[in-house]
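Work through the exercises below with the sequence and the 3D view open. Try each task before you read its solution.

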Amino acid sequence: MSSGDERGEAVKRNLHAGRNRTDGVQFRVLTDDDLADIHLGTLEVLERTGVFVEDEEAREVLAGAGATVDDKRVVRIPSHVVEQAVRTAPSRLRLAGRNAKNDIVLEAGRVGFTNFGEGVQIVDPFTGELRVPTKEDVGNTAKAVDFLPNIDVYERAVVAEDVDQRAAPLHQAEAWMTNTSKHGFMGSGNGYLSNRLLDMAGAIVGGRERLRERPIISFITCPVSPLKLVKDTCEIIMAAARGFVPVNILSMAMAGGSSPVTLAGTLVTHNAEVLAGLTLSQLTRPGSAVVYGSSTTAMDLRLASASVGSPECGLINAAVAQIARFYLLPSWVAGA
Amino acid sequence: MTVHVEWLSGADRDAVYEQALSILENVGMRMKGASALTMLRDAGARVDDAGGVVRFPPELVAQAVAACPRRVLLAGETPATDALLDGSRTFFNVSGCAAKTLDGESGRIRPSSLADLREGTIVLDATPELDVVWTFVTATDVPLERRERVEYYTYLTETSKPIVLVDCPSATSHVRSMFEIVSGDLERFRARPRVALLCAARSPLEVNGDLLDVAVEFAMLGAPIWVYSMPISGATAPITPAGTLALLWAEVLGTITAIQTAAPGAPVIACCGPGVLDMRHTTMSLGNLESTLMGVASTEIGHHLGIPVHNSGLSTDAKHCGVQAGYEKGLKVLAAVETGADIVSGGFGFLDSSSTFSLQMIPVDAEIAAMARRMVKGIDVSPETLMGDAIARVGIGGDFLKERATRARVRDGEHFLPRIGSRLPFEQWLAEGQTEIDAAEDVVRSALAARVERGPHLTDEQRRDLADVCGVGPDLACLAPGKGAQV
């Protein structure tokens, strides 16, 4: 599991799926041809339909590389720009923990685990009561994850409702950063808050410039399906690129609602949203770290709700992991 | 494409097979007292009469493997309930002969009764995800001398699905009569065998001679034989999965060779139910992942040899219908179905390492099985399913709910819709107060109520003849669900 890095320090590298033994289990839901079709379908969507980009600076960055922008703030991105961005995004990430023994490398096929995030309710662990979470709960979830050896990195599990909501991500970061020495992911709100989070992380590692070597935080941001990068998302992607921390661009499409009913069609719009964000990231700073994320699943049409317990969610997760490997990008799938 | 998964390389599969051949040639299998010993000797096996040990030349085993049909028909009362194991899909059956039942009302374990057997059979008959009914419960409240026949009568009149006798019948004459009654005559039984037999080896490397004789007799009549091996790693088999696999396949292939030597071309199913010994408690575990790995590896080995394979993918060590049951069954059955096991047992009402029956667990297991089937259908990628035109039409920020394809494809099963699992918002779920077990109980109640409307299976004449053969009176024939056994 561990091997020395360039400085001879131990660093965690989890097992390769499919290489646990000489001929480990292989699991494929998509053929090479399927992957090519999804990729080509995605390029067509980005070039033909485009994506809505709400942030003016982001539109300028994209236009500077050859994308066209119309008066409805829709950006159509030529295929070569997207494919170049995929090439410049790193295939290997080292997610630093506050304690270096908790560093983990994400690279092709090595599977790690994290908890799920953004819970707006919590079942009280002591009373069983369903209630809104607090800052203390954020800290407690971090403590639990810190304790459990099979969880590699922390994701801010619940949102704190007992703090000033304008600064909530900063309170939440304070709660988890002081309760786990593992790497942490969190939704960082907007560009301003992202920069304050970089200040906080920088204070821990010895200055913001040190985050380049020791990125102890990653941001998460979600495009709005179908095909929208709202202002906050654009700001977070650009702040991460400039602040030298990874960003997890995680679409949450619902097949049948905010994306096509077929899983193949859903993978196309999902992929278009993530690659549009990735392109913005790479144009902001080539080589910035991006995690290919997904919380995409099927919509239960009886309840008009997203079901993450469905077999379709499992299939989408498996397909997303394959698509990310096709691009040589680290991936993140949710809904386990 | 449909999901593709691979656990062993071709070389690994061959290595296990070669090791099994070596065990059969050098150590052999004890089949003491079996009539097949003479035929095996004539066919070239080395037979030690005193100990009943047979050592098989590899060519004889290879010949037997070649004689096994890849397609095996387990016939229902009508073709609508047939299960044709031909590699095109995974079928499901229950587990076997539980003497204990988890009482749904009291939540306590008690000896299984004829009422449990009857109600269970009715619910299994009404469960579309379940294809084959093993004799799954022991009616401990029926006197031993009458029990077997009362059970047979109940199974045959309460389900139209194929039936497998898990315990060896005490004699065969009445079973032959049953074959004639349900099929018309023995020729028609051979064409559409409604009843099959399980022939289990005792690990390591032994099969009861009397059981083998019955299996051979049934095989000659055309009844499929489920050749079962369930070695326990660390106790009745080596600690390594590979070593256990070699032993398991030696037992399966040795028994198959005896059957094929006596009845060439007999339909057989390789049944692979390995367990491991939990060294902390010296208990057998079936819900563990090593058993799963050995099970899926066995599926690949069996298919490599051209034999249909059974897998015990729905078994769990959990003692109640809770979290452990869910994750063990879910993880295991998905692996089994992805690998293409021909038929999967261990569930549809089974807990406690396949020792305890639970009526409420049947619909839960059915849901797990249906989810696994949806999973292996995979993701269909084609110009039509990529839906490029719809994406362009709906555009940015639009809504796919109103697309005609959405409704049509959901109706056609594009998305799995649970019957047991809840997808409600938390508050609404709390307000409705219905758990998975409550939902399962609703399904059970509906199935039992429908039985009252439907009446029993088979014709009046068949039931009368069967009652004669089985020695049951009219009380049992008209016993209502839920009532105690009047026998």
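**Exercise 1: a strand and its neighbours**

B:Val164 has B:Ala196 as its bridge partner in E12(B). This is a predicted model: local features need pLDDT of at least 70, side-chain atom pairs count only at pLDDT 80 or more, and totals for chains, interfaces and linings use all residues. Residues are numbered from 1 along each chain as its sequence is written, while chains are lettered from A and ligands numbered from 1 in the order in which they are written.

Task: find which strands pair with E12(B), and in which sense.

Step 1. Strands (E, at least two residues) and helices (H or I, at least four) are DSSP runs, numbered from the N terminus. Two strands pair if DSSP finds at least two bridges between them.

Step 2. Look at one neighbour. Strand E11 (residues 163–165) of chain B runs parallel to E12(B), joined to it by three bridges.

Step 3. Look at the other. E13(B) pairs with E12(B) over four bridges, again in the parallel sense. Here B:Leu198 has B:Trp226 of E13(B) as its bridge partner.

Task: decide whether the residues of E12(B) are buried or exposed.

Step 1. Apply the cut-offs. A residue is buried if 20 or more other C-beta atoms, placed from the backbone, lie within 10 Å of its own, exposed if 12 or fewer, and partly exposed in between.

Step 2. Count. Six of the six residues of E12(B) are buried.

Step 3. Sort by direction. In a regular strand the side chains alternate between the two faces of the sheet. B:Val195, B:Leu197 and B:Cys199 point one way, and B:Ala196, B:Leu198 and B:Ala200 point the other way.

**Exercise 2: a helix against the strands**

Task: check the length of helix H8 (residues 209–221) of chain B, then find what its buried residues pack against.

Step 1. The expected span is 1.5 Å times one less than the number of residues.

Step 2. List the buried residues: B:Leu211, B:Leu212, B:Val214, B:Ala215, B:Val216, B:Phe218 and B:Ala219.

Step 3. Find their partners. A contact means C-beta atoms, placed from the backbone, within 7 Å. The buried residues of H8(B) pack against helix H2 (36–42), strand E12 (195–200), strand E13 (225–229) and helix H9 (241–262) of chain B.

Step 4. Look past the end. B:Gly222 follows H8(B), and its phi is positive, near 100°.

**Exercise 3: two helices**

Task: describe how helix H10 (residues 289–305) and helix H11 (residues 323–339) of chain B cross.

Step 1. Axes are lines fitted to C-alpha atoms, for helices over the stretch in contact; angles run from 0 to 180 degrees between N-to-C directions. These two axes come within 9 Å and cross at roughly 10°.

Step 2. Angles under 35 degrees count as roughly parallel. So H10(B) is roughly parallel to H11(B).

Step 3. Name the residues. H10(B) uses B:Thr292, B:Gly295, B:Val296, B:Thr299 and B:Glu300, and H11(B) uses B:Lys332, B:Ala335, B:Ala336 and B:Thr339.

**Exercise 4: the sheet of chain A**

Task: give the strand order and the edges of the open six-stranded sheet.

Step 1. The order is E11-E12-E13-E15-E17-E20 (chain A), with parallel pairing.

Step 2. Strand E11 (154–155) and strand E20 (331–333) of chain A are the edge strands: each pairs on one side only.

Conventions: Contact = placed C-beta atoms within 7 Å. Parallel < 35°, antiparallel > 145°, perpendicular 65-115°, else oblique.
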